[in-house]
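Here are some notes for a colleague, written to be read beside the coordinates. Please keep the viewer open while going through the points.

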Amino acid sequence: MSVDLLPTRTAALEQMQSLELPTKQDEAWRYAPHKPLGELAFGPTAALAALPSDVEDQIPDTPGPRVVIVNGVFDPTQSRLESLPDGLQVHSLADASDEAVADLLQRTYDAPEDGFSIINRAYGTGGALVLVEGQLDEAIHIVDVIVPERAQSASASRVLIEMAAASSATVIETRLGSRDLVGGCNVRTEISMAPDASLEHIVLQDLPSTQIHLGRVDVVQSAGSHFRARLFNLGADYGRVAYHVYLAGEGARADLSGLYFGFGQQTLDQQITVVHAAENCTSSQSYRGVLDDESTGVWNGGVDVRPGADGTDSVQSNDNLVLSRKAEVNTMPRLEILADEVSCQHGATVGELDEEALYYLRTRGVRQAEARQLLINGFADQVMDDLQDDVLRTWITERLGHDHA
Amino acid sequence: MLHVKNLTASIGDAKILKGLDLEVGAGEVHAIMGPNGSGKSTFAHALAGREGYEIGGTVALDGADLLEMEPEDRAAAGLFMGFQYPVEIPGVNNMYFLRTALNSVRRARGDDEISARDFLTVANEAMELVEMKQGFLNRSVNAGFSGGEKKRNEILQMAVMQPRLAVLDETDSGLDIDALRVVANGVNSLRGPERSMIVITHYQRLLEYIKPDVVHVLVDGRIVESGDHTLALHLEDHGYAGFTNHDLDDALLSGAPT
């Protein structure tokens, strides 16, 4: 039992007394389903004896270290943390009792806290702490599973990743759920990168379509560090992932990319802000969306260039493929520039399936349904172009293929 | 092989093909020449099955009514169309596309899918035919290809698909002389007693490389004259001006070399 969590929790619980949840008036929460969000019941949950088999089958079968968190609670029986390589420590947050951890847990960020991040600090007692000092080959896989005990049950958990100077690693965070019950999870990831550290961070969100996913990733980068974020936002009724990346040291670099692929009545919401607070930093945001049926895609991508962040170089792009008349996409590139000698480009597109390409494929004998699928996958797969991890690549390809089979 | 009777095509009120008749026998190569706007490309797309036209008349390929079929079924029936402007498809691998196309047609004909190894052999032979390097198949379909590469990719597809009838729409446009030679060599080596071709072109230049059995002149949606390859030479010298009114007489052709 850790006493170190208490100060953070106490402060958060105090804030809970006067907690105000975001409303439609908050730009970053404009497309969120406020009523079901307000009805989510966060609170301590009992550990499950075993993972439901449908969840077990869904987990991408990566070979390396694995942390499993179920309903916000670290599950040692499902986790695989024996024989970790040199230069890597992984702890259950609830068991971590180091003085330093208390500081980590109370870290404050440039980006403001909101109602749900305060809830996360109040209830997110479980989770994982990943300390990377070496250069790791195998990806670290953190699986967060929500299995609502009753309607509206929601879990909160935290993932902390500390990258030491010149260390490098890949971390995959998979979010899955079970049961046709309304429910949700609120997962906060906090990443700190020392000088010249390098991290590839992949979020794979595939909750059942009855549930809500609230993800928030805060990143603080020192000089010369390189953060690569890749998001596959696929599941949930409301699937939200917000990134706040703070480039604090000179020459830091952040490359964020992602794919959201909506069906039915899903809303998939990506809220991204990259703050350039030091000189000569580079950032890119490259997101693609495919929206079918009555789904909604939201991409709100901002670049904030602070005074003194001269030599900033940033690129943003958001391309969308809308497959149905009832689907919609809301794309909002934002730029705020308060420095000199800055290069900031942004572009957004919303298009339909290329009829000419469809015709071309059909003249080659490819049946219409298959031709459509080929074009959709061709558009979406470009997000995976430089994805090294074959297990994930196969998982995603099959996942996207299955839905259209 | 191919019988086209009184083919009409219009978009809205605009009539583009106004009763086109054409007979192409097995193993024959026919050239269709005509000025801009005469309906050459529309004819090709009417055969291939592009949506958006109102079509009349009949087109029979080996006895089957093409006009009743979806574009993919026409491909399965043995039709291949080489596009004037091949479409760029970013993200779709050229090799995967070729294999999907070939297998789609094989499935539609009730044949087994081709094995990966056999496909590789077929693809490599086709690549050699159009003098393409290995990396060509690993790129996205036509994406970022030069004009010449796109046209070579069309002939590559034709070599893999082995159609009964190939319709090549302005395959020579945008090609330099080397690319033209490669494309023409590819086409010539695919000629055979069981394969017919319709070569649509604006210029006579291509026909120096691909010798047609019959040359047709298409003007204002109709074939107004047919002859042997010397007709192409006549057009080279005199242009289409003499054909733009429909009451063509023999005197007009008196200057044509024989």
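What percentage of the contacts in chain B with a separation of 6 or more is accounted for by residues 24 or more positions apart? The figure is 70%. The points below go from chain B as a whole to its sheet, one of its residues, and then chain A. Please note that this is a predicted model.

1. **Overall build of chain B.** Chain B holds 7 helices and 12 strands. Its radius of gyration is 18 Å, close to the 18 Å that the globule rule gives for 258 residues, so chain B is as compact as a globular protein of that length. The C-alpha trace spans about 60 × 40 × 35 Å along its principal axes. Of the 258 residues in chain B, 45% are buried.

2. **The sheet.** An open sheet in chain B is formed by 6 strands. Their order is β6-β9-β10-β3-β11-β12, and the pairing is mixed. The edges are β6 (79-82) and β12 (222-227) of chain B. Each has a single partner strand, so one side of each is left without a neighbour in the sheet. From one strand to the next, the twist averages 20 degrees.

3. **One strand pair in detail.** Strands β9 (residues 165-169) and β10 (residues 196-201) of chain B run parallel. They are joined by 5 bridges. For a landmark in the viewer, take B:Asp169, which stands opposite B:Ile200 in β10(B).

4. **A helix on the sheet.**

5. **B:Met132.** This residue sits in the loop between α4 (116-129) and β8 (140-141) of chain B. Is B:Met132 buried or exposed? B:Met132 is buried, because 20 other C-beta atoms lie within 10 Å. Leaving aside neighbours within four places in sequence, B:Met132 is in contact with B:Met127, B:Arg152 and B:Leu156. B:Asp172 is another reference point: B:Met132 and B:Asp172 are 40 residues apart in sequence and 18 Å apart in space, C-alpha to C-alpha.

6. **Where the chains meet.** The contact between the chains involves 20 residues of chain B and 18 residues of chain A. On the side of chain B that touches chain A, the elements giving two or more residues are α2 (71-76), β7 (89-93) and α3 (94-108) of chain B. The largest share comes from α3(B), with 5 residues. By class, that side of chain B divides into 13 nonpolar, 4 polar and 3 charged residues.

7. **Domains of chain A.** Chain A is divided into domain 1 (5-352) and domain 2 (356-405). Their C-alpha centres lie 26 Å apart. The contact takes 18 residues from domain 1 of chain A and 14 residues from domain 2 of chain A.

8. **The domain 1 side of that contact.** Which elements of domain 1 of chain A give two or more residues to the side that touches domain 2 of chain A? They are β10 (198-206), β12 (226-233), β14 (253-262) and β16 (282-291) of chain A. The most comes from β14(A), with 4 residues. This side of domain 1 of chain A has 11 nonpolar, 3 polar and 4 charged residues.

Definitions and conventions
Residues are numbered from 1 along each chain as its sequence is written. Chains are lettered from A and ligands numbered from 1 in the order in which they are written. This is a predicted model: local features need pLDDT of at least 70, side-chain atom pairs count only at pLDDT 80 or more; totals for chains, interfaces and linings use all residues. Two strands pair if DSSP finds at least two bridges between them. Axes are lines fitted to C-alpha atoms, for helices over the stretch in contact, and angles run from 0 to 180 degrees between N-to-C directions. A residue is buried if 20 or more other C-beta atoms lie within 10 Å of its own, exposed if 12 or fewer, and partly exposed in between; C-beta atoms are placed from the backbone. Two residues are in contact if their C-beta atoms, placed from the backbone, lie within 7 Å. Domain bounds come from an automatic or database domain assignment. Ala, Val, Leu, Ile, Met, Phe, Trp, Tyr, Cys and Pro count as nonpolar, Asp, Glu, Lys and Arg as charged, and the others, Gly among them, as polar. The radius of gyration is taken over C-alpha atoms; the globule rule is 2.2 Å times the number of residues to the power 0.38.
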